[in-house]
Amino acid sequence: MIPTFVINLERDGTRRAAMAARLDALEIPHTFLRAIDGSTLSAAELERASPRRKLAFGRPLMPTEIACGLSHLAAIAEGTEGELVWLVEHPPIYTAGTSAKAADLLDARFPVYRTGRGGQFTYHGPGQRVGYVMLNLKTRRADVRAFVHDLEEWLIATLAQFNVKGERRAGRVGIWVVRGDREDKIAAIGVRVRRWVTFHGISLNVTPDLTHFSGIVPCGVSEHGITSLHDLGLPVTMADVDVALKTSFATVFGSR
């Protein structure tokens, strides 16, 4: 059972067509948002647009806008709408989970958003793929710990497609990469579950500005660093990562 993936618009029609062909071959349902020139809308009209339409107009979404626009979650719980995975890219922001400590916000250089997900402070911004995962655990497996484990496995399998070994660490949320005598975090996880429907999810560092993480203590862990696929020397594109995420999702979640 694979949910529909809704992804950021891809303005390059050739790349969009190539990605669509790869996903069609794998029988992965997907939706591309059409590139539209948003200059024809007034600022007020753009602000009133739905989250999906804002993506189509090239306007980055803030976490609160996604949350407010997802009455879809209740419909998933009722069984009247299908599951979704949103793959988005935020402007530079810090988000605070339910366990965030004020002392871990070192420099509020970017807007700070309080969220309902678990976890502490994290950074989102350009060059990072954020996945909002909306699954109905009642029809899969009503086990939140198992769901988090599967999110970890999803990220590990995605990284493996680029020959990167991602690993779990006891007591440290997220996915880590060993680099000689140090370990750096490459992906974060934070979830919320209501009526057995999941929300929030994962973020994977593709090519973000890693200095932006210095304004917080990421996930409350100060003794380890942050890395990205580009920092590891892999010049992959966001489109490459999107295909890897979708194919790995089918492997980890698709049969349930």
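In this predicted model, Arg168 and Glu153 form a salt bridge, with 2.8 Å between their closest N and O atoms. A salt bridge here is a side-chain nitrogen of Lys or Arg within 4 Å of a carboxyl oxygen of Asp or Glu. Because Arg168 lies in strand 8 (residues 167-169) and Glu153 in helix 6 (residues 144-160), the pair ties together parts that are 15 residues apart in sequence. Helices (H or I, at least four residues) and strands (E, at least two) are DSSP runs, numbered from the N terminus. Arg168 counts as partly exposed because its relative accessibility is 28%, and Glu153 counts as partly exposed at 29%. Buried means under 20% relative accessible area, exposed over 50%, and partly exposed in between (1.4 Å probe, protein chains only). Salt bridges with shared partners also join Glu167, Arg169, Arg172 and Glu183 into one network.

A salt bridge also forms between Asp242 and Arg129, whose closest N and O atoms are 2.7 Å apart. This pair links distant parts of the chain, since Asp242 is in helix 7 (residues 238-253) and Arg129 in strand 7 (residues 128-134), 113 residues apart. Asp242 and Arg129 are both buried.

Arg109 and Asp107 meet through their side chains in a salt bridge of 3.3 Å, N to O. Arg109 is partly exposed, at 35% relative accessibility, and Asp107 is partly exposed at 36%. By the rule stated above, the count comes to 13 salt bridges.

Residues are numbered from 1 along each chain as its sequence is written, and side-chain values use heavy atoms, with hydrogens and water left out. Local features need pLDDT of at least 70 and side-chain atom pairs count only at pLDDT 80 or more, whereas totals for chains, interfaces and linings use all residues.
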